[in-house]
Amino acid sequence: MIRLASPRGAASVGRGGLRHLSKSRLFNPSSSLATRTFSDAKEEPPKGIPYSKLTVGVPKERFPLEKRVAATPESVSKLTKPGFSVMIEKGAGLSSHFSDAEYEAAGAKVVEAEEVWKGSDVVMKLRPPTPEETTQLGDKTIISFVYPAQNKELVQQLQDQKATAFAMDCIPRTLSRGQTYDALSSQANITGYRAVVEASNEFGRFFAGQMTAAGKVPPAKVLVVGTGVAGLAAIQTAKNMGAIVRAFDVRPVTKEQVEAMGGQFLEVDFQEDGSASGGYAKEMSKEWHAAAAKMLSKQCEEVDIVITTAAIPGRKAPLMITKDMVAKMKSGSVTVDLAAETGGNVGTTVKDEKIVTDNGVTCLGYTDLASRLPTTSSSLYSNNISKFLLSMGPQTTKVKDYMYIDHEDGAVRGMLTVEKGELMWPAPLPPPPAAPAKKEEKAVEPEVIDYRAPYVQGAKQAGYLGASVLGMGCISPDPAFSAMFTTFALSNIIGVQVVLGVSHALHSPLMAVTNAISGTTALGGLHLLAHSESAGVTTLAALATTLSTVNIVGGFIVTKKMLDMFKRPDDPPEYYHLYGIPAAGSMAFYTAGSMSGHVPEIDSAAATLSGLLCIGGIGGLSSQTTARLGAASGQAGVALGVASTL
């Protein structure tokens with residue numbers, strides 16, 4: 001037998017070549033064992049039992065349809081390396097595709113079933129032990145799923161035998177490092193994935209929609225009820241396969257996770273939060289169930305596949321999809337009930353069976369979905385359980401290679417169900433956080449606001465502006481300079497005001513439009529081409545004109561593409577091309593007037609109109625409703641500017 005050291009007592013070790021260690025021999029530095037081991041040290045020996053004195057046993061799972069195993073060759077090597085001896089039952093890993101030879105190569109000893117239970121100090125299992133297996137366990141230690149709330153007779157038997165048991169299903173899920181040992185989540189992830197695979201196998205269409213020469217195939221519509229780990233895995237898998245996914249959960253906080261995976265979160269027209277402690281769901285009110293039933297009934301008429309994962313710890317699974325809802329589903333539809341083992345969420349579910357209803361709906365009630373991927377599920381579970389075993393002691397004592405049941409370790413205390421026959425479940429709740437110390441309230445002196453200061457500052461700025469403008473008038477050499485300065489000042493004021501009015505969402509199209517308008521530097525290139533008498537100047541002018549033209553054309557093309565990104569499928573049709581009629585008319589009017597020679601000032605008017613259109617192009621980006629009109633205005637302004645230059 002083995003009795004592992006704990007804060008309340010000693011450790012005694014037996015069987016498998018281990019000697020009985022009394023409290024004095026484990027913890028008394030003057031004992032012969034301590035003297036031999038710590039002869040050169042005066043400090044206390046490490047708490048617990050060295051791995052070299054412990055044997056871990058892994059029996060074969062005998063639960064119906066179970067193919068998983070609690071240890072893989074990889075996890076065995078991680079246990080034998082620090083000193084554990086490992087015994088595994090012959091053929092325990094064959095259903096998970098792990099041979100006995102692989103276990104032996106990893107350092108395990110392959111033995112018969114009786115020897116595993118008889119010679120082990122710690123037994124690692126997956127399914128809760130049967131009464132017969134518990135009897136074989138005696139007063140040793142077992143780590144496995146236990147489900148103490150449901151298996152009270154098992155817990156009582158463990159107590160009567162003075163055994164020690166750790167429940168892998170009782171890991172505190174709010175403990176950050178507990179995620180490493182969270183076997184419920186690792187197995188639920190596989191279950192959710194496999195549920196979609198099973199549904200696709202029974203469903204008579206593609207999950208993804210297709211458009212082919214032979215016809216159009218609509219995408220499958222999948223409803224996932226319950227968005228825990230299994231539900232989210234089902235959503236991700238179905239979405240990756242191309243289906244339209246809808247999801248529903250009593251916990252509104254899961255909405256963001258569903259939408260992040262591309263699913264649509266369904267909400268009930270009744271306000272009630274189903275979130276409970278530890279991330280689980282609580283039982284809802286009758287009023288909420290009535291509102292949820294109405295919504296789910298409508299969804300069942302529309303969707304092709306329903307996958308349910310709703311569960312309440314320690315309680316029968318809630319009925320979410322009634323027989324009447326299944327009767328409304330289309331022929332060829334599929335339901336997959338992941339809660340079949342605890343009563344089922346679907347009214348037509350038969351545990352571990354596949355049935356087809358009168359209206360042609362296939363209902364799957366398989367409870368071995370994780371076992372249908374035995375290699376992966378065994379690998380993940382063995383990582384969970386072996387890492388937990390290796391953390392028991394070193395995590396808190398900081399002494400390697402010693403196993404110690406430390407009640408100060410949140411993970412160990414949370415999973416400890418029975419210790420030497422004493423019921424330890426449920427673990428005590430952590431103490432509430434200490435109330436923050438009250439701060440001494442100091443008398444707040446009223447803030448003195450100087451209402452005069454901003455006016456003084458504004459008056460100073462106005463004075464600086466007036467003096468600067470009049471100073472420019474004093475140093476102006478001629479009327480042409482004054483006119484140019486006036487144009488420069490007004491254009492800056494107008495430009496700043498127009499740009500400030502642009503919506504933040506349209507800043508990228510704004511950059512493209514201003515880039516296009518700035519391409520009017522092509523006008524200078526055209527002027528030089530017309531009057532140049534030097535080959536070098538002509539070459540530079542041609543290059544400037546070409547690059548500016550690329551700027552103009554490219555800027556407006558990019559602007560159009562960016563604005564197209566804001567278009568929605570249900571937006572009304574647009575006819576901005578009609579603005580090309582007045583633009584062409586203005587161009588023709590200007591061309592005729594300019595060529596007649598009777599209206600010399602029409603060139604100045606054309607330049608003014610071009611400027612107004614360019615400013616209007618930027619101003620149009622102040623909102624999405626006028627952005628496309630602004631782009632058209634900018635194009636017309638640049639075109640008129642080029643025409644007037646030519």
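Thr545 counts as buried because its relative accessibility is 12%, where buried means under 20% relative accessible area with a 1.4 Å probe and protein chains only. This is a predicted model, in which local features need pLDDT of at least 70, side-chain atom pairs count only at pLDDT 80 or more, and totals for chains, interfaces and linings use all residues. Residues are numbered from 1 along each chain as its sequence is written, and side-chain values use heavy atoms, leaving out hydrogens and water.

Let's stay with Thr545 for a moment. A polar atom of its side chain lies 2.8 Å from the backbone oxygen of Ala541. Leu137 is buried too, at 2% relative accessibility. Between Leu137 and Ser120, the C-alpha atoms are 8.8 Å apart in space, with 17 residues of separation in sequence.

Here are the two residues with their helices (DSSP runs of H or I, at least four residues, numbered from the N terminus) and their contacts (heavy atoms within 4.5 Å), leaving aside neighbours within four places in sequence.

| Residue | Helix | In contact with |
|---|---|---|
| Thr545 | H20 (residues 535-564) | Ala522, Gly525, Leu526 and Leu529 |
| Leu137 | H6 (residues 131-137) | Trp117, Val123, Ile142, Leu158, Gln161 and Ala163 |

Now to the helix pair. Helix H22 (residues 602-619) packs with helix H23 (residues 624-645) at an angle of about 155 degrees, and their axes are 7 Å apart. Axes are lines fitted to C-alpha atoms over the stretch in contact, and angles run from 0 to 180 degrees between N-to-C directions. H22 and H23 are therefore roughly antiparallel, a term for angles over 145 degrees.

Note on methods
Buried means under 20% relative accessible area, exposed over 50%, partly exposed in between (1.4 Å probe, protein chains only). A polar contact is a pair of N or O atoms within 3.5 Å; within protein, one must be able to donate a hydrogen and the other to accept it, and residues adjacent in sequence count only if both atoms are side-chain atoms. Angles under 35 degrees count as roughly parallel, over 145 as roughly antiparallel, 65 to 115 as roughly perpendicular and the rest as oblique.
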